[in-house]
Each structure stands twice: as C-alpha cells, then as structure tokens.
Amino acid sequence: MPQTTVSILTPPGAGAIGVIRLQGVDAVRVAARVFLPKTGSLSAVNEDGRLRFGRVVDGEEILDEGIGCVSSSGGTPIVDLCVHGGTRVIERVLSTAEKHGATPCSLCAVEVWGASSLIEQEALDDLVAAKTSRTARFLIRQRVLLPRTLRALATPDAPMDLVRNELNRMLAGYSAARRMIDGVTIVIVGPTNSGKSTLFNRLVGRPAAIVSDIEGTTRDWVTENAEIDGVPVTLIDTAGQRATDDLLEELAIAGGADIARRADVIISMLDCSQSTPESIFPGDAHLDVTRILFVASKSDLAPAWDIEELVKHHPAVKRQFLRISAATGDGMDELTARLVHEIDCNSDLDHLPVFFTDRQAIGVEKILNAVGNIENRLVQGLVAELLGV
Ligand SMILES: Nc1nc2c(ncn2[C@@H]2O[C@H](COP(=O)(O)OP(=O)(O)O)[C@@H](O)[C@H]2O)c(=O)[nH]1
Ligand SMILES: [Mg+2]
C-alpha cells in the first residue's frame, strides 16, 4: 500500500504561515488526529476543498489554531493544514503526524509542482530561498535548460568530444552557480578614515554604518545583506586598522582581520588624499592577495601619491587597482563590474546551462575523472542518474 506522507510546503525558516501537506490513502485519518475543525470532524466526505477553521492538536495539547482543507489528486486524498509559521509549531505538527503513521517526505517539489526531474526539483528547492531576483531567474532558467542540454548530450549521435567539453564547461560553472545561489562575503578593510563606511553605505544603499572624520568611529564590524549586480552579498564593514591602546578597538581590529581571511573578496581601501602609500597599505601577510581588490578612495580630492609609487612597493596591487569616490559615486560602476568579475558571476551564468548542486557536480566529476574515453553508454547512465529518471 502506498505510504501516507507529510511534507512542509512553505520555505524553511520562520514565516507568517506554514503549510503542511498530508498525502496518501491514510491522509484524512492522520489529519483527523492532528486537526479538529471547530464544527464536525474531518472525514473523506469533506473532500471538497473547503477551508475549515479549527485547532491543531497533539492529543490533549493544543498546538495552534489553523485552517484545514481536504481535497484529492488523481484519487489520492490530500489534507493541507495552514498553521502559524513558527518553526516549533511546524516541527510539532510534523512529529504528531509522524506519530500517527505519516512518513516525513522532503521531495515536495516533485509532489507539489510536478517537477519532471531531480534537477528541476533541486532548482525549485533552491528557488524558495532565492535571495535576489537574478538568483530566482537563474534557477528558473536552469530548471529547464540543464535537463534539456543533458538530454541532448545523451542522444546516440552526440559527438563525444563535444559532450566532454560541454560537461567540463558546465562543471567549471558550478562554483559560480553556488555563489549566485548562496551568495558571497565581501569585506571592506583599510586604515581609519579611508572611506570604508562611506563605500559600505553606498553599496548597501542606505546609511547602515556611521560615517565621520573621527578616527576609530567604526568600533565593531557591521554586516548587511546587499546585492551586487543581482548576486546576493553579505557585506562587512570593519574597524579601521591603526595602532591603538584601546583593548576593545584592538579586539575589533583583530576580528575584522579574521573576517577578511575568510571572505570571498576583500576590498582594501587606501586613501589617495593621504601622504604616502607605505603608511596606509594594510600589510596583513595572512591575506590572500589574489582575493584583494585595492581601491583608492576619495578620487574627488587632490591625490597625495600616484599608482606608480604604490606599485613600486607592492607589485600585487597593480593587477587589481581602481580609484573611486564613494562620496560622489565616481568609479562605482567599474567597482561593481570588477567585483562581479572577481566572483565570476558574469552574464554567461544567466544564459548557459551549469551544474548547480553538489550532487550534480560529484556525479559528473566521477565520470570525467574515471574514464579516459567517454562513451555514449556512460553519458546516458550519467544523464539518467542526474535527472533521476
Ligand atoms: N571627499 C571625500 N570624502 C570622503 C569620501 N569617502 C569618505 N569621505 C570622508 O572621509 C571621512 C571618513 O569616512 P568614513 O567612511 O567614516 O571612513 P572609515 O573610517 O574608513 O570608515 C568622512 O568625513 C567622510 O565624509 C570620498 O570619496 N570623498
Ligand atoms: Mg568606518
């Protein structure tokens, strides 16, 4: 006999409402133990899609008040319960339904939206948590594009060179795809008064950090969610680096340096209106210089030094150096373009199929690494495994 399943239809985390679906031959019996309508009781004769107000219970204990609705799909009974969206309430409803015989099921995308492949399901699973509209568009496109491309690669007459190249290309895009979905961390470091908080506020789009010409204004690190060209970003402003006797400021400076070591991209602010580059260069030997974008700030003021002087002392700076004025907005477009380049989320990602989950990447790597000569039979097996059909 097919199982009766219980699954959460709403995105993970706390929300205004949580929707829990019971589905299967026993759905109404299980639901009747969890949900007591204000009048009458739940039974299969209620299979009319009507919304019923009532209490959500676990035995004698009232868990919540909510709405229950009995319907069916292809002859299979379905009960949807709408409760308040606190994670604890939802957990309790789930465990109560499980206690009465339902099996928790996370494959809700297939069941609810009729996803036709595992890849489509994975796209839908990530879609509910998409942080930006570009991420949402990316997933909606991959949901169709990736299965379609894989099916084409698995046809008997697909040239194997092309298949290998295409699989390699789609695998090469995997990290960028994950950055598009999960987001990246960008941290702004540099000496006090170099304009870090001014840039931070401009990137966030509102005055989230205090800006002042008093050195040591930013005493802690400040974190905000933002987006850079549609890529979700956790942006962190740090306390300015300087010698200090203040223990708290010292801790904040050390904390900022620690965050920078773990960030995807580090924006190192240098104030070009200050005297010499040596005195303002943040010489942290632990930072991976390839992840640093050197930004000279206050380009609207008369410069006190030039790039040649800086490059003489720090050749690594030459590769990634740009000038901006966070106050006037000058150079911000170039900074955005450079950041997008650093995190590798250029516009190709919006148009070409790429692998975007661990499961997909591991499956493809296995095939590409294991065999010298890739054969059509193997590709067909891989595609069937990836699509889950
Ligand atoms: N002229 C000019 N002043 C700036 C610019 N960016 C920041 N400032 C000023 O420099 C001072 C320090 O800025 P702030 O963002 O607090 O620097 P932080 O200590 O590095 O966070 C403030 O008085 C800002 O108004 C800029 O691009 N041009
Ligand atoms: Mg600051």
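Modeller: Helix α6 (residues 160-172) and helix α15 pack at an angle of about 140°, with their axes 10 Å apart. The model is predicted, and this pair is a place to start.

Biologist: How are two packed helices described?

Modeller: Two packed helices are described by the angle between their axes and the distance between the axes. Angles over 145 degrees count as roughly antiparallel. At about 140°, α6 and α15 are therefore oblique to each other. Their crossing is left-handed.

Biologist: Which residues make the contact of α6 and α15?

Modeller: From α6 come Leu167, Asn168 and Leu171, and from α15 come Ala361, Val364, Glu365 and Leu368. By class, this contact of α6 with α15 has five nonpolar residues, one polar and one charged.

Biologist: Helix α15 also meets α16. At what angle do the axes of α15 and α16 cross?

Modeller: The axes of α15 (residues 358-370) and α16 (residues 376-387) cross at roughly 170° and come within 10 Å. The two helices are therefore roughly antiparallel to each other. On the α15 side the contact uses Gln360, Gly363, Val364 and Ile367, while α16 supplies Leu378, Leu382, Glu385 and Leu386. Five nonpolar, two polar and one charged residues make up this contact of α15 with α16.

Biologist: How is helix α5 placed against α16, roughly parallel or roughly antiparallel?

Modeller: The axes of α5 (residues 133-153) and α16 come within 9 Å and cross at roughly 160°. α5 and α16 are therefore roughly antiparallel to each other, and α5 passes α16 in a left-handed crossing. Pro147, Leu150, Arg151 and Leu153 of α5 meet Val379, Val383, Leu386 and Leu387 of α16. The contact of α5 with α16 divides into seven nonpolar residues, no polar ones and one charged.

Biologist: Now the ligand. Which residues come nearest to ligand 1?

Modeller: A ligand can be read through the residues that surround it. Ligand 1 has 20 residues around it, of which Gly195, Lys196, Ser197, Thr198 and Ala327 come nearest. Helix α8 (residues 196-204) gives the largest share of this shell, three residues. By class, the shell around ligand 1 has 12 polar, four nonpolar and four charged residues.

Biologist: What should I look for in the loops?

Modeller: Asn193 has a positive phi of about 70° although it is not a glycine. Asn193 sits in the loop between β8 (184-189) and α8. Lys298 is another residue other than glycine with a positive phi, near 55°, and its place is the loop between β12 (292-297) and α11 (307-313).

Biologist: Is Asn193 buried or exposed? And what about Lys298, buried or exposed?

Modeller: A count of neighbours decides, and a residue is buried if 20 or more other C-beta atoms lie within 10 Å of its own. Asn193 has 23 other C-beta atoms within 10 Å, so it is buried. Lys298 counts as buried because it has 25 C-beta neighbours inside 10 Å.

Biologist: How many helices and strands does the protein chain have, and what share of its residues count as buried?

Modeller: The secondary structure of the protein chain comes to 16 helices and 13 strands. Of its 389 residues, 36% count as buried. Contacts can also be sorted by separation along the chain. Among contacts with a separation of 6 or more, 65% are between residues 24 or more positions apart.

Conventions: Residues numbered from 1 in each chain as written. Chains lettered and ligands numbered in written order. Predicted model: local features only at pLDDT ≥ 70, side-chain atom pairs only at ≥ 80, totals over all residues. Axes fitted to C-alpha atoms, helices over the stretch in contact; angles between N-to-C directions. Helix = DSSP H or I, 4+ residues; strand = E, 2+ residues; numbered from the N terminus. Parallel < 35°, antiparallel > 145°, perpendicular 65-115°, else oblique. Contact = placed C-beta atoms within 7 Å. Nonpolar A, V, L, I, M, F, W, Y, C, P; charged D, E, K, R; others polar. Near = placed C-beta within 6 Å. Left-handed = near helix turned anticlockwise from the far one by under 90°. Buried ≥ 20, exposed ≤ 12 C-beta atoms within 10 Å, placed from the backbone.
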